[in-house]
Amino acid sequence: MATYDITDNMINELFLKAMRSQDPATHTKVAAASDMYIRDKIRESSFLRKIVPPEPITKEECDRVPSREGGRPGLQKVIDIERDAEAVSLPFNAESDNEYIRGESMGIKFHKVASKEYEISEGDLLSYSMPITKIIEKNALMAVEKEEDKTFVDQLNAMVTHTGKLFDVVTTEPYLNARVLTTGYNLLESGDQLQCSSVLMNRSCWNDLMGNGRPEFGDKAYDVLFQGLTEESLHGKRVFITNKTDLVPHNEIWFFTAPEFLGKFFALTDTKLWIETRAEFLKYKIWEYIGVGLVNAKAVAKINIRKAP
């Protein structure tokens, strides 16, 4: 059944049926019916997944990582990198040691990213007019997505500090405009034979751009601004707009090369939903196994806009 054929009532009825059944096959069916929705939503709202699109990978394509200090063995994917590049594997759910790798190859380690367990009562489910998948999206899915994006931003901040591709634009008018964008493009591209392909900013920065109107931008860009689309195109580059102001604050703008020069995102499993019923309560959580590596530390730059004293 196509996702657009599934109504809110149908989704809630599936979950109610699961709560009233002790048959594990019913729980599996409900989780499977919701998995597609969950995967679509995380693709839509995680900016990491927009900037470095995930690639599916199988266990057979990975390499085993020996256990250390009594820990469990893990998996990694070894990839080739440019000889002079500095690369790093993102440490989901772990402290980063900012171990930059130089050489001809690197191992991208896989990590489990999971939400905590949530629960909902049968009475609450009966009273909801919205589908239960919206409730799942609001908490469990947001937790997984937040861990992805936070780990990404934390590593990006470490990278631009390491490479020096970080610049403060100090101005009496601290608003994003075409001149600031050009400064960011040049910061990323200068001296490294790289080309800016995409930009990340929050909604308020994009609104500042909209306020500049036609004199600031060409006709095509102004039309895009006027339409107010979620993912934009400006100066021939993709612009990703986020409302996660705790991760991408106002007047912080990120600049990236194309994904093939920036990094690799491997999905060992799809984002999965687990459900279990106990008495009148339905418990659920979401998890995934992913590995992300940034293959060139110089493939990202950051501009901060500061108000002049």
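Residues 24 or more positions apart account for 77% of the contacts in the protein with a separation of 6 or more. The model is predicted, and every value below is computed from it. The protein has 309 residues, of which 46% count as buried. Its secondary structure comprises 9 helices and 16 strands.

**The six-stranded sheet**

An open sheet is formed by 6 strands in the order β8-β16-β12-β9-β11-β10, and its pairing is mixed. At the edges stand β8 (166-171) and β10 (231-234), each of which pairs on one side only. On average, neighbouring strands of this sheet are turned by 25° against each other, direction ignored.

Within this sheet, β8 runs parallel to strand β16 (residues 300-307), and 6 bridges join the two. One of the residue pairs here is Val169 with its bridge partner Ile305 in β16.

Strand β9 (residues 198-202) is mostly covered, with 5 of its 5 residues buried. The burial extends to both faces of β9: Ser198, Leu200 and Asn202 are buried on one side, and Val199 and Met201 on the other. Strand β11 (residues 237-242) pairs with β9 in the parallel sense over 5 bridges, whereas strand β12 (residues 252-256) runs antiparallel to β9 and is joined to β9 by 3 bridges. Val199 takes part in both pairings: its bridge partner in β11 is Val239, and in β12 Val199 stands opposite Phe255.

**Strand pairings**

| Strands | Sense | Bridges | A residue pair |
|---|---|---|---|
| β8 and β16 | parallel | 6 bridges | Val169 and Ile305 |
| β9 and β11 | parallel | 5 bridges | Val199 and Val239 |

Strands of a sheet pair through backbone hydrogen bonds, in either the parallel or the antiparallel sense.

Helix α6 lies across β8, β9, β10, β11, β12 and β16, and runs at about 145° to β16. Helix α7 also packs on the sheet, where α7 touches β9, β10, β11 and β12, and the direction of α7 makes about 105° with that of β9.

Helix α6 covers residues 178-189; at 1.5 Å a residue, its 12 residues should span 16 Å, and the end C-alpha atoms are 16 Å apart, which agrees. The buried residues of α6 include Ala178, Val180, Leu181, Gly184, Tyr185 and Leu188. These residues cover an arc of only 160° around the axis, so they lie on the same side of α6.

Two local features flank α6. At its start, a side-chain oxygen of Asn177 comes to within 3.1 Å of the backbone nitrogen of Arg179. Just after α6, Gly191 takes a positive phi of about 80°.

In helix α7 (residues 203-210), Cys205, Trp206 and Leu209 are buried. Their arc around the axis is only 100°, which puts these residues on the same side of α7.

**The three-stranded sheet**

A further open sheet has 3 strands in the order β2-β3-β5, with antiparallel pairing. The edge positions belong to β2 (63-65) and β5 (105-109); each has a single partner strand, so one side of each is left without a neighbour in the sheet. Neighbouring strands here are turned by 45° against each other on average, direction ignored.

Is Asp80 buried or exposed? With a relative accessible area of 69%, Asp80 is exposed, because the cut-off for that class is over 50%. Not counting residues up to four places away in sequence, Asp80 touches Glu104 and Ser105. The C-alpha atoms of Asp80 and Met106 are separated by 6.5 Å, and these two residues are 26 residues apart along the chain.

Key
Residues numbered from 1 in each chain as written. Predicted model: local features only at pLDDT ≥ 70, side-chain atom pairs only at ≥ 80, totals over all residues. Heavy atoms only, no water. Pairing = 2+ DSSP bridges. Helix = DSSP H or I, 4+ residues; strand = E, 2+ residues; numbered from the N terminus. Axes fitted to C-alpha atoms, helices over the stretch in contact; angles between N-to-C directions. Expected span 1.5 Å × (residues − 1). Buried < 20%, exposed > 50% of the residue type's maximum accessible area, 1.4 Å probe, protein only. Arc of directions from axis to C-beta. Polar contact = N/O pair within 3.5 Å; in protein donor to acceptor, adjacent residues only side chain to side chain. Contact = heavy atoms within 4.5 Å.
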